[in-house]
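Dear colleague,

Please find the structure below, together with its sequence. My notes on it follow.

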Amino acid sequence: MKKVIYFIFIFLFLKTVVQSIRAPNPESINATPTNITYRFKESESYYASWTMKYNSTTLIDAQVSFDCGTPSGGFRNCSLITNKPMSRLFGTTSSTFCAIDSTGQVCFISMSNAKIPSPINVKFNSKPSTKGGNVIVTGNYLRLITQQLNIIQSSTNATIKVIGNFEDPTFNCNNLTLSFPPGSGKMDLMFDLIKKFEISYASPIINSINYDANNSKISIYGDNFFTQKQLVNIHFNSVSQDTFSIIQNDTLIQVDKFIQDTGGPMKIQISVNNISMDSPYSYCFPPIPSSINSISNHIGGIVIIKGSYFNDDSESVKVTIGDDDCKVLNSTINEIQCKLSPNEIGGSNLNVKISIGGCIDNSNLTFTYGKPTLYSHMQIKSDDTTVTLVGINFGLINETIIKIEGLNDNIIPFSINNDETQLIFNLQKLKCKPIVTIIHNNISSNSITIKTPLSITSLNSPFVSNTSSLNINLINYDCTNTAKITSIIDNSFKNEIICSKASIQQNSEYYSTICQIPPGTGKHSIQIKYQSENSTTQFSYMPPSITSFEISNMIVTIYGYNFGMEISKLKVNFSGRNPNIQTINDNKFTFTLLESDYNSPLNITVDGIESQSSIQIIKPTPTPSLITPSPTQTPVEKTENSAISLGLNKKLILFISIFHLFYINNLNKK
């Protein structure tokens, strides 16, 4: 019983002593990398020693005491003394301290109530990636007193570990490697129990951009984009982009439904959990020129550049051609107009550079002065031999020639107007519509076809009595087209006539066609229809030709060809009169002969076409009669004599007919 009372007394005594000594409350703490000095009021408690522990049961091999010296001026200065380097001074809240005041010394008081210096000179060598990773932090007293040596407390409750073994004698508490989990945004770290140090995950960065215009997508390659879309904000030129997705965690974002039709720089800004890029990323949409016109070096003019990814802001557009600035007058997203001054030297294949807000095109577009361009020609009349070409950059007369496809000789213009937009030259008739090229200072223009009017001429006369061929020359024919050719013969024939495909006949310099002409007489106009062109010429049926005649009982029969079949179209001029025709076919006609008609020339016209020959009907000389009358001729004898005469006449007609056909054939060939 006495022992129990004794221990209770001892316990109450110690409790009274501990309660009577308050935890030291220094006026100030002066911490340097090599020393810690406390300043206490002389009347208050102060530190005597610290006992450093890993936990409640494991001591750290470090001795810490204080040299407090003699009070002065009412204050006591206590300097920390340890047997370890300051970089090896660490412990947890399980550590304890001993305190002294005027009543004595008390130990085993928890360090959680102790006043200890916060970390100083704290520096992070980097920011953790949003993928997580290690960060080195340097400073002093980073682990002097903490709840857990290997865990750093954070405001986000993220588990941040200290890499390394504190029991390793070489472990440096002033140089810690911290392992961060994946995350984003800002957080506060507490190395001790009080002071907070802010750190943020690394800012998003962009390494490259890929714009897919066909699919209206832009891919952003970089880092620190994290994984949660709701934490990510994207702006293109300050315009928020909402239709995007994180394709690869932390490293790839794809923006959909993105359409860009203007060139120039685009500022891209990305923030992740309120952590923005250090600076916006500038992506260039370079202008893409596709064509450029040419102007005269003598007069200068407006240069027009066509393409895409230009800009409506003319002030942001700069154009240089060779070494000269081209003053921008107007700019749209597809066309730039700039003015270039005259340049007597000129030049060809000069480099063209377009800059839009500093974004320069990557094309190989070049510019050439004075490149002629043909647009068209003025309408040409059928009887005109001059051609007026319309275009630009025709140059001066002594610089320019005209080249016609298929001709070896060059043509010199006889007139070019002052602004070099019209050129006049003489053009001969050609078998084909001419394809013309302008050559100015050895620079060729485009080629155009001169729409010279189609002209035709007939080459022969068709037969009167039957369907026959009419050969027609085609002048200024479109040799590049094989459209069918048709013809219409004035108002005499209702039906359209199909003609042959045009071709070049032997010994002919023109294309020709052959039209099958129906029987007829007289002169006619024939209209050739080819594509959208019509051309008309005249042709005549073969002229009538007289070969012989026969008289019987004062009825004369005229033999020949091409008389036609209509009495009304045959006109006979004979002995000053126009006898009435009794019968007619293509090879003969008859009329009554008067006694006064003898020994007169006979001329005929058929439907206005004169015969190429005439005959004279001579009165037969009577045969003298014998004194003794001859026996009367029997009808049979008359018939035989008539037959002999008719037979001779038919042989003569056959001979003359063959001769006539031979003559007509030679005429057609000519």
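Which residues of strand β12 form its covered face, and which its uncovered one? In this predicted model, the covered face of β12 (residues 175-180) consists of Leu176, Leu178 and Phe180. The uncovered face holds Asn175, Thr177 and Ser179.

Strand β12 has two pairing partners to report. Strand β9 (residues 133-140) pairs with β12 in the antiparallel sense over six bridges, and in β12 phenylalanine 180 has glycine 133 opposite it. Strand β11 (residues 160-163) is also antiparallel to β12, with three bridges; here leucine 178 of β12 faces valine 162.

A further point concerns aspartate 223, which lies in strand β16 (residues 217-223). The side chain of aspartate 223 makes a polar contact of 2.7 Å with the side chain of lysine 131. Apart from neighbours within four places in sequence, aspartate 223 is in contact with Ser129, Lys131, Pro204, Ile205, Asp250 and Thr251.

Asparagine 349 has a positive phi, near 55 degrees, and sits in the loop between β28 (335-340) and β29 (350-356). Asparagine 393 has a positive phi as well, near 60 degrees, and belongs to the loop between β33 (386-392) and β34 (400-404). Is each of these residues buried or exposed? Asparagine 349 counts as exposed because its relative accessibility is 54%, over the 50% cut-off. Asparagine 393 counts as buried because its relative accessibility is 4%, under the 20% cut-off.

With kind regards

Notes
Residues are numbered from 1 along each chain as its sequence is written. This is a predicted model: local features need pLDDT of at least 70, side-chain atom pairs count only at pLDDT 80 or more; totals for chains, interfaces and linings use all residues. Side-chain values use heavy atoms; hydrogens and water are left out. Helices (H or I, at least four residues) and strands (E, at least two) are DSSP runs, numbered from the N terminus. A polar contact is a pair of N or O atoms within 3.5 Å; within protein, one must be able to donate a hydrogen and the other to accept it, and residues adjacent in sequence count only if both atoms are side-chain atoms. Contact means heavy atoms within 4.5 Å. Buried means under 20% relative accessible area, exposed over 50%, partly exposed in between (1.4 Å probe, protein chains only). Two strands pair if DSSP finds at least two bridges between them.
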